[in-house]
Amino acid sequence: MSDVNRVMLIGRLGAAPEQKTFGSGKSCVRFPLATSRGHGEGRQTDWHRVTVFGKLGDMCVQYLQKGELCYVEGRVEYRELESAHGTSTYTQIVANNVSFLGTGKRAGGQSEDGESMPF
């Protein structure tokens with residue numbers, strides 16, 4: 001049996017996607033995604049750091065906004081960050097699929113002018 005590292009999330013963006021371009025010309029897009037679990041007063045929110053590369057990341061910057069609903073599929077990675085206070089570990093989701101589920105004209109995989117979008 002083969003190992004599996006796969007995560008699927010549906011949630012809302014906590015902030016607009018931020019894009020960073022490296023010297024090689026490749027870009028990286030990051031955004032926080034909130035998912036909820038439980039009901040009523042016991043409801044809790046989990047925050048996920050999502051990272052997207054390449055053209056898919058470019059589309060996230062162009063079409064996603066804070067508060068919009070989206071589906072993210074990818075893998076979990078654990079990273080260490082060194083600082084003056086020591087080493088801290090954080091988790092990120094590296095997405096290979098993002099579907100925009102917003103309620104506006106772009107919902108359902110269509111752009112604002114009604115053309116089908118390639119995702």
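Helices, as runs of at least four residues, and strands, as runs of at least two, were taken from DSSP and numbered from the N terminus. On this basis the predicted model contains one helix and six strands in the protein chain, and these elements follow one another along the sequence in the pattern β-β-β-β-α-β-β.

Confidence across the protein chain averages a pLDDT of 85, with 86% of the residues scoring at least 70. Residues 104-119 form a stretch over which pLDDT stays under 50, although the model has 25 contacts beyond four places in sequence for these residues. Where pLDDT is low, the predicted coordinates should not be read in detail.

Of the 119 residues in the protein chain, 34% are buried, and the accessible surface of the chain comes to about 8,200 Å², with 48% of this area belonging to carbon and sulfur atoms. Among contacts in the protein chain with a separation of 6 or more, 52% are accounted for by residues 24 or more positions apart.

Ala34 counts as buried because its relative accessible area is 16%, buried being defined as under 20%. When neighbours within four places in sequence are left aside, the contacts of Ala34 are with Gly11, Arg12, Thr45, Asp46 and Trp47.

Technical notes
Residues numbered from 1 in each chain as written. Predicted model: local features only at pLDDT ≥ 70, side-chain atom pairs only at ≥ 80, totals over all residues. Heavy atoms only, no water. pLDDT = per-residue confidence, 0-100. Contact = heavy atoms within 4.5 Å. Buried < 20%, exposed > 50% of the residue type's maximum accessible area, 1.4 Å probe, protein only. Areas by Shrake-Rupley, 256 points an atom, 1.4 Å probe, with all protein chains shown as cover.
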